[in-house]
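Please open the model in your viewer and keep the selection panel at hand. The tour below goes from one selection to the next.

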Amino acid sequence: MIQAPPDRAPMTDTPLNRIRNFSIVAHIDHGKSTLADRLIQSTGTVALRDMKEQMLDSMDIERERGITIKAQTVRIHYKAQDGETYVLNLMDTPGHVDFAYEVSRSLAACEGSLLVVDASQGVEAQTLANVYQAIDANHEIVPVLNKIDLPAAEPERVKQQIEDVIGLDASQAVEISAKTGLNIEGVLEAIVTRLPPPTGDAKAPTKALLVDSWYDSYLGVVILVRIKDGHLRKGQKIRMMSNGATYTVDQVGVFTPKMVPVDSLGPGEMGYLTAAMKTVADTSVGDTITDDRNPAAEALPGFKDSIPVVWCGLYPVDADDFDKLRDALGKLRLNDSSFHYEQETSLALGLGYRCGFLGLLHLEIIQERLSREFNLELIATAPSVVYKLRMNSGEVEELHNPADMPDPTRIAAIEEPWIKATVFVPDEHLGAILTLCNERRGQQVELTYVGTRAMAVYRLPLNEVVFDFYDRLKSVSRGYASFDYVMDGYAESDLVKISILVNNEPVDALSFMAHRSAADKRGRQICEKLKELIPRQLFKIPIQAAIGGRVIARETISALSKDVTAKCYGGDISRKRKLLDKQKEGKKKMRQFGKVEIPQSAFIAALKMDA
Amino acid sequence: MEPLALYLHWPFCASKCPYCDFNSHVREGGVDHARFRAALRRELAHEAARLGRRPLASIFFGGGTPSLMEPETVAALIADARAHFDAAPDMEVTLEANPTSVETDKLRAFAQAGVNRASLGVQSLDAEALRFLGRQHDAPHAVAALEKARAIFPRLSFDLIYARPGQEEAAWRAELRQALALAADHLSLYQLTIEPGTRFFTEHARGAFALPAEDDAARMYEATAEEAARHGLAAYEVSNYAKPGAESRHNLAYWRYGDYLGIGPGAHQRVLAEGEMHAIRRHRAPEEWAARVEQHGHGAVESTTLTPAERGREAMLMGLRLAEGVDPARVEARAGLAFARIVDAAMLTALLEEGYLEWVEGRLVATIEGRVRLDALLPVLLR
């Protein structure tokens, strides 16, 4: 029933009714990647010796953090109990709200989804967000209860929860343990028998959905496609329906998950093409690819553009790394068009870039990739949301950086973005979560109980969430709360810009926006923190938080009291001088505030702090 | 002509002290005195031949433990130095000694060899502290040694280490008063610092003990100057206290950025000749150094010419340790660089305003407030 992997180009003209295209949606850690590994392994798609954990997550960062960022696909051959061999195309999707856009386009390439829920944990916030997207994409959904082997597994309770919270029939849920391999066969059979085959017309003009694209250093731009109608062939002249650009196909192929060239891809299939494109910017995700000579009449419905919602400044710790940062951002952008950057200059931090991200996780991932893949030591300023400033003149300006805030007397009103957040939390921590949401100006939308877990839905200003909300959420719930959100429009708010002054000079990188009611507290917190972080120096240093000219918080760092080498004779002089030379060198990493020089590391630490 | 100061390093100790990062070595099997005597004499002759005749103001036998030297080695080296150079009539000849009975028994012989000033490594007058510091003598030994040395040497200094783990200001004041009562004309009073490569460094990093907090150490430093002043000993350098005129002339040569020869394993040397400052460092391993001297006449492993900017920094970092401060004209002469290119004018103004520096009769002086923060002040002041 399980057949050996094909060792050369597999058949491509698979009848539609033998194809199943599916994705897996799950909360983080509920076992999505392990199940994917197991499906690949049990059908012999990858030889055992080539198996590594989380086959589909190709970036280190994906594998380590258990998240998937780029869409990935793998073609699995499965001989079902009905005796037929099916082609199962697994589309792996990102599981996080920041990548909702990527999720939606991946889902659009499939007809069904496996909903994986941890049988001991139950439904979590991400489960919900992702499954709703799958439902929106008209997917047939097969619930799968994972980790059924755990003593804490409660399959009946979790099935009930799936029915109560999501409204899906869970009576036929497949109970498995991806870890031990228990009942993987059941999952494969469910894919074949319960998910619909794709539809399409082999004789119609070529129509393929551009699902994703990335840059490969050997092949150039690689495009992940889902064929709707017609065929894609090597040598074919194709046209991008969004802009009419034409290319000649160099190669078409499938993922096993290694890239294997084939002669052509037919309707219902997933695979890739390369066509001598130079940059990912030449491709537009959601575009329709057709045949240049025999084009389709209508394009597939596309996707709307993803817009950055969180911005922060990224600066090299070593000013000499600025060029390296520019190149690195350019390279990352090649593969991630959702991320934006523009040059800016900070008095405290020097030359850097203002960068826009889809969300906090996206920000964190880009930052981590910059440090890991490009070996850059970076400082990130506090994340800021995009404010809309309604000016007295009637114009509306967008504010990405609090430091750029215009004179408040020119502003009629400030609007801030809101989110709708869903939190799942065990009963005993609900009180703390509600208090947290209320502190953050949250408005309760819904509060329901599912067994011993509560689901709270809140509207919250995004501004309050980018500032240490995750960490607080985790700490007040001892790690048991799960959280997800969707953007929920803009609303006017009483917001002020708080400036931080060190030795009476403003530190642009530390200025931030806050609701007037929280301004004093936030100002005080950051002054206290800076007092801890800035080492005592020769001179005492005043630290202030101010709204305009009004000081709302103040701390003073006293002068250091003693710092002198006890013994210094003829033999010590070289060592002392070299130490001094090093200190002078280290001053390059210092920022001058009047006669006081603050080590950049203090600002970095201040920016890293979350409370 | 700038007079020379001559430093001679004896690298051997009876045991290694846990706080000491000086170039010292323990040789269980004994030391080949004849070999090291010959090597020191040969390296001295080698340097003297290169330099030519110059006035010689001081000799200092440091270590290691130079009181473990044979008196005839000391005598031979002093005689050689007098032969190579024009010794000042009142040339200061200092020898560091440990207050163990074996070594104090040799003090008279050292005096006969030409030593006219002794510096005793007393370190503490507290029994427990002496154990903590790994010293081989006890407090009564130290007192006996001091009394003996006072009778032999016209000039005498000794060292104490304070701001030890758990030490309170009151206890230190009491110990210091006892020491001042025993003192002659000079004391070196060091706050305990933890140096890389020492046993204390490892223990401290492991959390085995903690030093007093910065503010407490600062208070103890002030208390020290106060107590010493009461006995007529002025803080003429960060850690050195003397009656007027009793300052260590040899060490003043370092702090005034004068010319000094460094002979022996690990010794450093600075000599300004024809407008260039030559810096020499010698091999630290005693036997390797000796072998090199035997082969080449000297054991130098690094010989560099310092840039004017480096010289300026060295002159300042040494000079501001002194209560007399620096004379800008002398710094310029020693550095070969204008004072304005050595110090940052704006920061100088700020430091003067803050009361960390002051001008005294044309000399730039770090006030006591400035001196106690000197390591933080220098990178701010110097360009």
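**Where the chains meet**

Begin by selecting chain A and chain B together: they bury about 3600 Å² between them, with 57% of that area on carbon and sulfur atoms, where buried area is the accessible area (1.4 Å probe) lost by two parts on being put together, summed over both. This is a predicted model, in which local features need pLDDT of at least 70 and side-chain atom pairs count only at pLDDT 80 or more, while totals for chains, interfaces and linings use all residues. Residues are numbered from 1 along each chain as its sequence is written, chains are lettered from A in the order in which they are written, and side-chain values use heavy atoms, without hydrogens and water.

The contact (heavy atoms within 4.5 Å) takes 29 residues from chain A and 47 residues from chain B.

Now show A:Arg577 and B:Glu314, whose side chains meet in a salt bridge at 3.0 Å, N to O; the term requires a side-chain nitrogen of Lys or Arg within 4 Å of a carboxyl oxygen of Asp or Glu. Between chain A and chain B the count is seven salt bridges.
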